[in-house]
Amino acid sequence: MSERLVIDPITRIEGHLRIEARMAGDTIEEAYSSGTMVRGLELILRDRDPRDAWALAQRICGVCTLVHGIASIRAVEDALKYPIPPNAQLIRNLMIAAQYVHDHVMHFYHLHALDWVDVVSALKADPKATSELAQSISSYAKSSPGYFADVQKKLKGFVDGGQLGIFSNGYWGHPAYKLPPEANLMAVAHYLEALAWQRDAAQLHAILGGKNPHPMLVVGGMPIAISIWPEHQGQGNGPHHQGGQGGTALDVTGLARIQEVIKSMRDFVDQVYVPDTLAIAGFYKDWFKQGEGLGNFMTYGEFPAMNDPASFMIPRGAILNRDLSHIEEVDLNADNEIQEFVSHSWYDYAGGKDRGLHPYQGETRLNYTGPKPPYDQLEVDKPYSWLKSPRWKGKAMEVGPLARVLMLYAKGHGQTKELVDMALTKLDLPVTALFSTLGRTAARTLETKIIADTMQGWFDQLVANIKAGDVRTFNEALWEPSTWPKHCQGVGFMEAPRGGLGHWIVIDNGKTANYQAVVPSTWNAGPRDPQGQAGAYEAALKGHVVHDGKQPLEVLRTIHSFDPCIACAVHVVELPAD
Ligand code: NFE
Ligand code: MG
């Protein structure tokens with residue numbers, strides 16, 4: 001019998017995602033991914049000043065805050081050939097890195113962990129045995145029997161009061177949960193720790209960008225002054241500054257606080273996030289054998305030393321059919337490489353629905369043809385999503401942490417090789433285990449460590465520049481539109497936490513003529529293309545066995561391993577009037 005499993009919404013994500021699966025018994029035969037909300041930000045950006053685009057574009061998402069702002073200012077800078085000062089580059093790198101660390105830790109504990117951790121089982125744990133477990137895997141200070149007994153008491157209070165709150169509606173007791181009670185209790189404790197820790201992490205954005213989420217940015221640099229005058233020291237923007245005289249420049253106090261935040265990030269990643277990932281993964285080795293899907297991976301590149309792709313810490317490229325011995329070059333400007341298709345999306349193209357359009361020529365023409373909500377089932381032979389289907393040279397590609405770690409690994413990046421080999425050895429798994437649901441989750445953890453560790457070098461370089469007297473953060477040379485060409489176009493790309501992100505802008509007479517954002521979750525969560533090729537989520541779910549259709553935990557595990565963000569992917573909450 002062929003039945004349809006429907007999960008809508010899939011929770012603990014940003015935005016509205018619906019998954020439907022055609023079942024053969026308890027096995028997923030075909031899966032369909034649908035974004036059920038459209039926002040239309042690309043239309044809002046038209047005809048405005050390109051220098052303001054970032055402020056609007058950044059509102060595409062509040063989870064990956066910053067990244068759409070950065071992609072936007074980079075797009076305008078690319079169009080205008082607008083160089084930025086080295087300090088601005090370093091400050092951007094620090095902010096992007098802080099975004100990764102913050103976002104990945106939050107994803108692991110708050111959006112994904114409960115797919116693996118049974119909160120209610122933690123009540124049965126012995127606090128002393130939990131303490132022994134915690135101390136056997138990490139030097140993290142909060143690991144005494146008393147600490148875990150307190151966490152357990154707090155949790156018991158939630159449960160006894162019928163108030164699981166943030167833990168309500170889980171599939172507690174599902175047989176696919178495999179952790180012993182002690183590991184569950186340790187993970188619940190760290191879920192709560194991560195909530196507190198993330199406040200610290202967010203301060204780096206507040207110091208360098210004025211606030212979080214959605215820090216302040218500017219085309220041509222960063223909108224922050226650096227103070228080197230001793231009489232101003234201590235009046236700056238460190239959260240602990242005592243001056244109280246309203247100084248906003250970055251000074252020794254702010255720099256000292258940034259150093260503390262970087263240390264707090266690295267400590268949490270080293271002492272909590274990495275050991276927890278490895279410990280939890282050890283109980284779920286089956287999940288290193290399923291959930292990959294496409295086998296094609298793409299990165300755009302990130303963390304430039306200068307505005308030169310050759311200097312990227314994470315390189316650009318494509319890996320096809322899992323072949324780590326060969327990396328294809330990716331050109332973000334070539335008409336026939338990155339294209340978006342709408343054959344299965346609720347959009348039209350002027351030239352016909354089966355064409356692919358490069359983002360410079362991209363169109364955003366809404367045309368909802370689906371059933372009137374609420375509906376039982378999507379019509380998957382027709383358009384069934386507000387996401388488009390991006391393709392690279394006609395191929396569906398996975399983007400994100402796994403793509404980046406594979407790229408770094410394939411290129412022989414030292415620390416990546418060390419970490420991946422350490423994790424595989426510890427878990428007694430072959431390198432092919434990376435191509436899986438837990439491979440994706442583990443790659444996210446490992447890249448967090450790599451990026452957090454790299455932050456120190458950028459910070460040291462920034463301090464060295466300031467000491468040498470270079471306090472420039474903004475280049476005003478091309479600020480006035482009168483200096484711009486009449487027509488130009490550019491791409492702003494980056495690696496957002498969820499993968500390669502591109503904003504393409506066309507500027508005519510100083511105004512935005514066209515704007516297209518192709519975001520990571522569109523690559524991963526998009527629907528089928530005109531050839532019928534599945535997107536990454538759809539391909540990854542194929543073959544999963546679902547133990548209980550009313551509690552589809554297996555689907556959540558694989559979908560959440562991508563860290564979905566549909567707010568990003570469908571950039572009007574109302575359907576167009578008919
Ligand atoms: Ni809204 Fe985002 C990231 C971007 S993913 S979270 O990372 O771009 O679609
Ligand atoms: Mg778009």
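Predicted model: local features only at pLDDT ≥ 70, side-chain atom pairs only at ≥ 80, totals over all residues.
Around ligand 1 stand the residues C61, C64, H68, A496, P497, R498, L501, V519, P520, S521, C565 and C568, where a residue counts as near a molecule or strand if one of its heavy atoms lies within 4 Å of it. Residues are numbered from 1 along each chain as its sequence is written, chains are lettered from A and ligands numbered from 1 in the order in which they are written, and side-chain values use heavy atoms, with hydrogens and water left out.

A polar backbone atom of P497 lies 3.2 Å from an oxygen atom of ligand 1, and for a backbone N or O atom of R498 the distance to a ligand oxygen is 2.8 Å. A polar contact is a pair of N or O atoms within 3.5 Å; within protein, one must be able to donate a hydrogen and the other to accept it, and residues adjacent in sequence count only if both atoms are side-chain atoms.

Let us turn to the sheet. Three strands form an open sheet in the order β11-β12-β13, with antiparallel pairing. Its edge strands are β11 (487–496) and β13 (511–518), each of which pairs on one side only. On average, neighbouring strands here are turned by 15 degrees against each other, direction ignored. Strands are DSSP runs of E with at least two residues, helices are runs of H or I with at least four, and both are numbered from the N terminus. Two strands pair if DSSP finds at least two bridges between them. In general, strands of a sheet pair through backbone hydrogen bonds, either parallel or antiparallel.

Consider each pair in turn. β11 and β12 run antiparallel and are joined by 10 bridges, and a hairpin connects them through 2 residues. Within this pair, V491 has W504 as its bridge partner in β12, while F493 has G502. Strand β12 (residues 499–508) then pairs with β13, also in the antiparallel sense, over 7 bridges. Here I505 stands opposite Y515, and I507 stands opposite T512. The hairpin of β12 and β13 has 2 residues between the strands, and N509 in this hairpin takes a positive phi near 50 degrees.

Are these strands buried or exposed? In β12, 9 of the 10 residues are buried, meaning under 20% relative accessible area, whereas exposed means over 50% and partly exposed lies in between (1.4 Å probe, protein chains only). β11 is largely enclosed by the rest of the structure, because 8 of its 10 residues are buried. Helix α3 (residues 67–80) lies across β11, β12 and β13 and runs at about 145 degrees to β11. Such axes are lines fitted to C-alpha atoms, for helices over the stretch in contact, and angles run from 0 to 180 degrees between N-to-C directions.

R404, in helix α9 (residues 401–410), counts as buried because its relative accessibility is 0%. With neighbours within four places set aside, D103 is in contact with V63, P497, R498 and D563.

Finally, I come to helix α11. At its start, a side-chain oxygen of S436 reaches to within 2.8 Å of the backbone nitrogen of G439. Just after α11, G469 takes a positive phi of about 95 degrees.

Technical notes. Contact = heavy atoms within 4.5 Å.
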